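The questions below take them one at a time.

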Amino acid sequence: MKLDEFYNLSREESFERIKGECRSQAIKSLCKGGMILFVIISITITWSDVDLRIVPVCLLAVGYLALAWIVVNNLWFLMRLHDTATPEQLLHFYKKRYSHERNATYLAILGIIIGNPSIWNDIINLDFTWTWIFVRLINTAILIALLIYSYFHGDIIWSFMTRRDEEIIDRLEDLVGEE
């Protein structure tokens, strides 16, 4: 829907249209989170040649829990969406869903990168290829530092907020401002 068509709708029609867009964004995010969680767990289960220790297992569990939180967060949002009666409530819930999903995504990525069993296997079983291990550890440390910097300085690595999310928030803020 074009922006000028949106502004020609009545307040109730535009609110219902935005609720539909919020629902589709949450369903899309729910499916992505569920698929990623399923793929990563199935890869970990089939990865039997690596001797997993307690530290990588715990760190991977943090990543899995964060991915599960993305799924639960979107389910929570979808259940609350039916009871939402005002644009203020919808704006609050949508921003909350977005914030929780952003935090959980960063935590999942960090947990999975830090808990990578192959890196921990290299650390535990040091051999004469220490230069390769050193290069892998430096690259991993740089990636973790970039993710942490990106989290605290406005998503510089990738744009976490999509254009559609921005449009939904802008339209909801316009509806809230009309009152």
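**Salt bridges, rings and surface**

Q: What makes R97 and D165 a salt bridge?
A: The closest N and O atoms of R97 and D165 are 3.9 Å apart, and a salt bridge is defined as a side-chain nitrogen of Lys or Arg within 4 Å of a carboxyl oxygen of Asp or Glu, so the pair qualifies. The pair links distant parts of the chain, with R97 in helix 4 and D165 in helix 7, 68 residues apart; helices here are DSSP runs (H or I) of at least four residues, numbered from the N terminus. The model is a predicted one, in which local features need pLDDT of at least 70 and side-chain atom pairs count only at pLDDT 80 or more, while totals for chains, interfaces and linings use all residues. Residues are numbered from 1 along each chain as its sequence is written, and side-chain values use heavy atoms, with hydrogens and water left out.

Q: Why is R97 called buried?
A: The relative accessible area of R97 is 2%, and buried means under 20%, exposed over 50% and partly exposed in between, with a 1.4 Å probe and protein chains only, so R97 is buried. D165 is buried too.

Q: Why is E173 called partly exposed, and what is its salt-bridge partner?
A: E173 has 35% relative accessibility and therefore counts as partly exposed, and its partner is K95, with the closest N and O atoms 3.2 Å apart. This pair links helix 7 (residues 163-177), which holds E173, to helix 4, which holds K95, across 78 residues. K95 is also partly exposed, at a relative accessible area of 37%.

Q: How do you know that the charge of R97 sits over a ring?
A: The charged end of R97 sits over the ring of F77, 5.6 Å from its centre, where the rule asks for NZ of Lys or CZ of Arg within 6 Å of the ring centre and within 35 degrees of the ring normal. R97 also lies over the face of Y94, at 4.9 Å from the ring centre.

Q: How many aromatic pairs does a search of the whole structure find?
A: The search finds 4 aromatic pairs, where rings of Phe, Tyr and Trp (its six-membered ring) pair if their centres lie within 6.5 Å, and planes under 30 degrees apart count as stacked, over 60 as edge-to-face and the rest as tilted. The rings of F77 and Y94 have centres 5.8 Å apart and planes at 65°, so this pair is edge-to-face. F77 is in helix 3 (residues 54-81) and Y94 in helix 4 (residues 87-114), 17 residues apart.

Q: What makes the rings of Y106 and Y151 edge-to-face?
A: Their centres are 5.2 Å apart and their planes stand at 70°, so the pair is edge-to-face. Y106 lies in helix 4 and Y151 in helix 6, so the pair ties together parts that are 45 residues apart in sequence.

Conventions. Helices (H or I, at least four residues) and strands (E, at least two) are DSSP runs, numbered from the N terminus.
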